Amino acid sequence: MSEKYIVACDGSPASERALSFAVKQAQTTGASILIAHVLEWSPYSFLTPEELEERHKRRGEELDRAKKAVVDTLVKSVSDEGVKVDSVIKYGHVAETLVDIAEKEGATQMFIGRTGHSSIAARVFGSVAVIMAQIAPVPCTLVP
Amino acid sequence: MQNQKFIAGVTAIGLALLSAPALAQSIDESVNQMFASATGWFVSFIFSPFPGTAFPWIVGWLVVAATIFTFYFVFIQFRAFPHSISLVKGDYSDPNDAGEVSHFQALATALSGTVGLGNIAGVAVAVGIGGPGATFWMILAGLMGMASKFTECTLGVKYRNEYEDGTVSGGPMYYLTKGFAERGLPGGRFLAILFSVFCILGALGGGNMFQANQAHQQISGIFGGYPGWITGVIFAGVVFAVIVGGLKSIARVTEKVVPFMGVMYVAAALIIIIVNADKIGWAFGQIFTGAFTGLGVAGGMVGALIQGFKRAAFSNEAGVGSAAIAHSAVRTKEPITEGFVSLLEPFIDTVVICTMTALVIIITGQLTIDAETGNYITEGGRIVTASGASGVGLTSAAFESAIGWFPYVLAIAVVLFAFSTMISWSYYGLKAWTYLFGEGKNKEIAFKVIFCIFVIIGAAANLGPVIDFSDAAIFAMAVVNIIGLYCLMPIVKRELNSYLERLDSGVIKKFK
């Protein structure tokens, strides 16, 4: 069975570093890459009546924007390197959703970029990278 | 163009009201007189009692409807209660639909439109007149009202309009037209138009002027008397920034703070009740005995019953049709699921929050009892209270007797509840407005500007007749809406049976 790497991409320089590191690995192992882009979303947030009405439309716009601005260019760059690549865009709690994707797609490894900031907020609430290190269902590489 | 002229016109009137309070005063008086003579018949018709009783027929109309729906759907509010909780928790939500409006969000938004002054001030009025027994009837009416909400919100989702750009519009005006057409019944369009007219009037009145007016009274109660137009202008400015200026951040903050306030209110009430745990048995005794004897209140058992029923109906809006507008935006393949979720609304609003207010007032001994007879001492139809206060003042005094600083929190809660109710009703009114006049930016802005001007009028003036009229309009919505619900309830039953069958056979699966 061929290997499948999941790379969490939010369009930040850190996630791009993670992606290029994963691509290098994939070139030697022959693994395919799945670019996962998660839009932070809670079903328990509060919206005004007007936001409720427009939600479906906005969701469409957000997905479209995410695909065009983030995912498409990354997919192209990976595919130009000769690595088999696919992408997925989801809504949800970022870390939990990444775990879901990894389990569903049968990933063999995950790659997460970390920003290296050690802000108080990140220490108190935890960053995606920290949470992933704790809950990832498959080996997870943190790329500085 | 016409719209712009219109906006300029109403804005000018608004400015005139601001710049010249004295002039506004005289305008108030003439508006009062004009309204009273033009609408008095409508108000007295809506609130008129059954012949030979003091029982307003409109309250009977709502309670009878709730009872019929309860039996027609075989106590759906109890049967489906656990399933409703699972739906709100998202157990049945497809993870692929993440990012769409969830059941929880639709419920929270609809709740912030109904939880408000009714729960704080209204209950105090009910218990102050009807005694503790009113609480029993209020809870009963709240439990029955759950079936009305279930019916109207299912229809709201089923017959909503979904536009090409992905936005949705729903509510009674849509199910009255489309549902009646589907069943081959005449008059759907007429009822829809009638509903929309009442909805606009109700939005400007009960959903706006009444709220602004009460919020001002609460604020001036703490900071001392000052002209109402100042509160009005501030409120109108904030409402304007949100609904016209699109300043979503303010609305979002309110939407976050309001549930927090609601939870805090219930928590404070619970603490007071627990501290007085030894009196809980006694309080429930008063509630049950009072429900059937009145314990000396004016009108006895019937007096307690009227107050309780009336309060529940005013507070949770079950059968009025407003919630069907808010609930219709949810993303679900099964309209009936939104019905299940919405039946939690009267439960939270009336059975939980209103009951808490009543219990605190009873337990803290605000209502004075004649030691010899064990009956409540009344004066002029009202029970004499320990602090002499009535309405929101009575609730405030009850909380203050246990938690000294709570009146300040209560004042903030009242203002926020009033604000969030206004935002919700501005939307309900707008939906009715666009149903009548069509969608369009100018038309929408015209309504929103009118809405803001009514905020100032509501806070500034003591327009009794206008407020009476708008309350009557909210209940007139229920007259039209419930006629529609009677005609369309077989459709809901069909949906319900099909859904329950698929749920039992496992076609509808849990995702969690």
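Q: Axes are lines fitted to C-alpha atoms (for helices, over the stretch in contact), and angles run from 0 to 180 degrees between N-to-C directions. With that in mind, at what angle do helix 12 and helix 19 of chain B pack?

A: About 135°, with the axes 9 Å apart. Helix 12 of chain B covers residues 248-275, and helix 19 of chain B covers residues 406-437. Helices here are DSSP runs of H or I, at least four residues, and strands are runs of E, at least two, numbered from the N terminus.

Q: Before I go on, what sort of model is this?

A: A predicted one, where local features need pLDDT of at least 70 and side-chain atom pairs count only at pLDDT 80 or more, while totals for chains, interfaces and linings use all residues. Residues are numbered from 1 along each chain as its sequence is written, and chains are lettered from A and ligands numbered from 1 in the order in which they are written.

Q: Ok, back to chain B. Which residues make the contact between helix 12 and helix 19?

A: From helix 12 of chain B, they include Ala251(B), Val258(B), Met261(B) and Tyr265(B). Helix 19 of chain B brings Phe406(B), Leu416(B), Phe417(B) and Ile423(B), among others. Contact means C-beta atoms, placed from the backbone, within 7 Å.

Q: Switching to chain A: how many helices and strands?

A: Five helices and five strands. From the N terminus on, the elements of chain A go β-α-β-α-β-α-β-α-α-β.

Q: And what box do the C-alpha atoms of chain A fill?

A: Roughly 50 × 35 × 25 Å along the principal axes. As for contacts in chain A with a separation of 6 or more, 78% are between residues 24 or more positions apart.

Q: I clicked on Ala26(A). Buried or exposed?

A: Buried, with 24 other C-beta atoms within 10 Å. The cut-offs are 20 or more for buried and 12 or fewer for exposed, with partly exposed in between. Ala26(A) sits in helix 1 (residues 13-29) of chain A.

Q: What does Ala26(A) touch, neighbours within four places in sequence aside?

A: Tyr5(A), Ala31(A), Ile33(A) and Val83(A).

Q: And how far is Ala26(A) from Lys84(A)?

A: 9.0 Å in space, C-alpha to C-alpha, though they're 58 residues apart in sequence.

Q: What fraction of chain A counts as buried?

A: 38% of its 144 residues.

Conventions:
Two residues are in contact if their C-beta atoms, placed from the backbone, lie within 7 Å.
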